[in-house]
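User: Could you take a close look at the pockets of this protein for me, and at the side-chain contacts that go with them? I would enjoy one connected walk through that part.

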Amino acid sequence: MERLLEVMRRLRAPDGCPWDKAQTHQSLRPYLLEEAAEAVDAIGRGNPQEMAEELGDVLLQVAFHSVIAEQAGSFSYPEVEQHIVDKLIRRHPHVFGDVKADTPEAVTANWNAIKAAEGKPAQPICDQVPRSLGALARAAEIQKKLGTSFSSKADLVESIQQGQIAEALWKLVAWCRQEKLNPEILLREYCEQICLQAAKNP
């Protein structure tokens, strides 16, 4: 990681790369989203070499933002690292402490309780879910927080028949969650199937 930070500092130096020097936290936002999405795609394809490359691109974004902040005097990479290390230890007392949590459900409940007790200002539910998430992924997270459940297939069909497409999509997300499926991943995988078929039959 230190080598990566050194490379980024060199690129951002006065005699470095004009493009890299011009970037800001704001200008890099689409690249962070894009690199994260490409890493998800690589994981879906299951190619270890591709995964390693794409995860490196995600790590580059962490280094890029860290060096920009370092130069501005706002924060540094060691702070980024320390925040996540502290958080992981604090939220895993069943590993680093003496709390008992023998199932994934118990771990999740404990994680949520610790998170709630950390004293962060309360936010409206919709502000707790990043707006930059894909719409299906964001809907699923909002539904989880709201406790939304799937009503019925008849109710879904009724929304479709009435032309309430956005409402029907919301209900489809709830159906996916009921079936323990991730709607964002499900549609991504289906898109890949369609693209493969299209490539075979141009």
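Analyst: Happy to. A helix here is a DSSP run of H or I with at least four residues, and the numbering starts from the N terminus. Please keep in mind that this is a predicted model.

Let's begin with the second largest pocket, which holds about 300 Å³ of space. Its lining is made of 14 residues, and those nearest the centre are Leu33, Ser132, Leu133, Gly134 and Arg188. Which helices supply at least two residues of this lining? They are helix H3 (29-45), H8 and helix H11 (183-200). H3 provides the largest share, with six residues. Sorted by class, the lining has eight nonpolar, two polar and four charged residues.

Besides lying among the residues nearest the centre of the second largest pocket, Arg188 forms a salt bridge with Glu184, with 3.9 Å between the closest N and O atoms. The cut-off for a salt bridge is 4 Å, so the pair qualifies. Glu184 and Arg188 are four residues apart in helix H11, so about one helical turn separates them. Arg188 is partly exposed because its relative accessible area is 29%, between the limits of 20% and 50%.

Next comes the largest pocket, with about 580 Å³ of space. It is lined by 14 residues, and Asn112, Lys115, Ala116, Gln128 and Lys145 are the closest to its centre. Two elements give two or more residues to this lining, namely helix H7 (104-117) and helix H8 (135-146). H7 gives the most, five residues. The classes are four nonpolar, five polar and five charged.

Now for the charged pairs. Side chains of opposite charge can pair when their charged atoms come close. The search of the whole structure turns up 14 salt bridges. One of them joins Arg131 and Asp127, with the closest N and O atoms 3.0 Å apart. Arg131 is exposed, with a relative accessible area of 57%, while Asp127 is partly exposed at 37%. Another salt bridge brings together the side chains of Arg3 and Glu6, at 3.7 Å from N to O. Both residues sit in helix H1 (residues 2-11), three residues apart, or about one turn of the helix. Arg3 is exposed at 61%, and Glu6 is partly exposed at 41%. Salt bridges also link Glu2, Arg9 and Glu70 into a network.

Trp19 is partly exposed at 41% relative accessibility, and Tyr31 is partly exposed at 33%. Another pair is formed by Phe150 and Trp175, whose ring centres are 5.5 Å apart and whose planes are at 10°, so the pair is stacked. Phe150 lies in the loop between H8 and helix H9 (153-161) and Trp175 in helix H10 (residues 165-178), so the pair ties together parts 25 residues apart in sequence. Phe150 is buried at 11% relative accessible area, whereas Trp175 is partly exposed at 27%. Finally, Trp19 and Tyr31 form one aromatic cluster with Phe64.

Conventions. Residues are numbered from 1 along each chain as its sequence is written. This is a predicted model: local features need pLDDT of at least 70, side-chain atom pairs count only at pLDDT 80 or more; totals for chains, interfaces and linings use all residues. Side-chain values use heavy atoms; hydrogens and water are left out. On a 1 Å grid over the protein atoms alone, a cavity is a set of points where a 1.4 Å probe fits but cannot get out, and a pocket is an open set with protein on both sides within 12 Å along at least five of seven lines; lining residues have an atom within 4 Å of a point. Grid points are joined across faces, edges and corners, and a volume is the space filled by probe spheres set on the points. Ala, Val, Leu, Ile, Met, Phe, Trp, Tyr, Cys and Pro count as nonpolar, Asp, Glu, Lys and Arg as charged, and the others, Gly among them, as polar. Buried means under 20% relative accessible area, exposed over 50%, partly exposed in between (1.4 Å probe, protein chains only). Rings of Phe, Tyr and Trp (its six-membered ring) pair if their centres lie within 6.5 Å; planes under 30 degrees apart count as stacked, over 60 as edge-to-face and the rest as tilted.
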